[in-house]
Amino acid sequence: MRKEQKRQAILDAALAEFLEHGYRGTSMDRIAARAAASKVTLYAHFADKQALFEAVITNAIAEAERSGSPLTESLAESRDLARDLRAFAREHVSTVTQPHLIHLRRMIIGEAGRFPELARTWHRRAPERGAATLARAIARLAERGLVHAPDPLLAAQHLNYLILSIPLNEAMFAVRERHDKADLHRWADQAIRVWLAAYGVAGTA
């Protein structure tokens, strides 16, 4: 257990260093100091900086998978679709625009040329998997006659884009590092209004 705790401490320290200084600006010496570990211990766990970076991103992907919202799957059996979609959208935009996730996304994009498979893995196991889960819920809603969505995956992608496009782009390009809760909720609510206008049926708006 102690070995695993030390490994996690190194991963946490490395993530903080990579987010602050980028891949090129981060040194193994600084990671070791931040983790309160000797360099011998650090290299016993990770052969070099590249291996540690890959482990950090893999760990972050696993964490993103664990934190998937149960609200997404519960949408399938919603009894008040507009209300439940708004709740989902508010949680989704608040989660995705957390500052540490924005910084992580920037880092992965910035290092995509050096680590293309990690970037593809992030996309496949975070946004793509999230869209697939949402698409299954939308397909069920279509079966129940609550939405008209001949292509549930496309409908899920449209919904995701409507919710995230403005705040995520602003955050990624440092227009605004943080958004007020009221702004996030306004964007989320308006996204649902527009999406239901396109995909909803009478009585669901």
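Guide: Gladly! A nonpolar core here is a set of buried Ala, Val, Leu, Ile, Met, Phe, Trp, Tyr and Cys residues joined through side-chain atoms within 4.5 Å. Please keep in mind that this is a predicted model. The largest nonpolar core has 33 residues, and the members that touch the most others are L85, I138, L159, I163 and W195.

Not counting residues up to four places away in sequence, L159 touches L85, F88, L134, I192 and W195.

Next comes A155, which lies in helix α10. A155 counts as buried because its relative accessibility is 0%, where the cut-off for buried is under 20%. Leaving aside neighbours within four places in sequence, A155 is in contact with I138, A149, W195 and Y199. As for D180, 25 residues from A155 along the chain, the C-alpha atoms of the two are separated by 27 Å.

Helix α9 also has a partner to look at. Helix α8 (residues 116-125) packs with α9 at an angle of about 15°, the axes being 2 Å apart. The two helices are therefore roughly parallel. In this contact, W122, H123, R124 and R125 of α8 meet P127, E128 and R129 of α9. By type, the contact residues divide into four charged, two nonpolar and one polar.

Technical notes:
Residues numbered from 1 in each chain as written. Predicted model: local features only at pLDDT ≥ 70, side-chain atom pairs only at ≥ 80, totals over all residues. Heavy atoms only, no water. Buried < 20%, exposed > 50% of the residue type's maximum accessible area, 1.4 Å probe, protein only. Contact = heavy atoms within 4.5 Å. Axes fitted to C-alpha atoms, helices over the stretch in contact; angles between N-to-C directions. Helix = DSSP H or I, 4+ residues; strand = E, 2+ residues; numbered from the N terminus. Parallel < 35°, antiparallel > 145°, perpendicular 65-115°, else oblique. Nonpolar A, V, L, I, M, F, W, Y, C, P; charged D, E, K, R; others polar.
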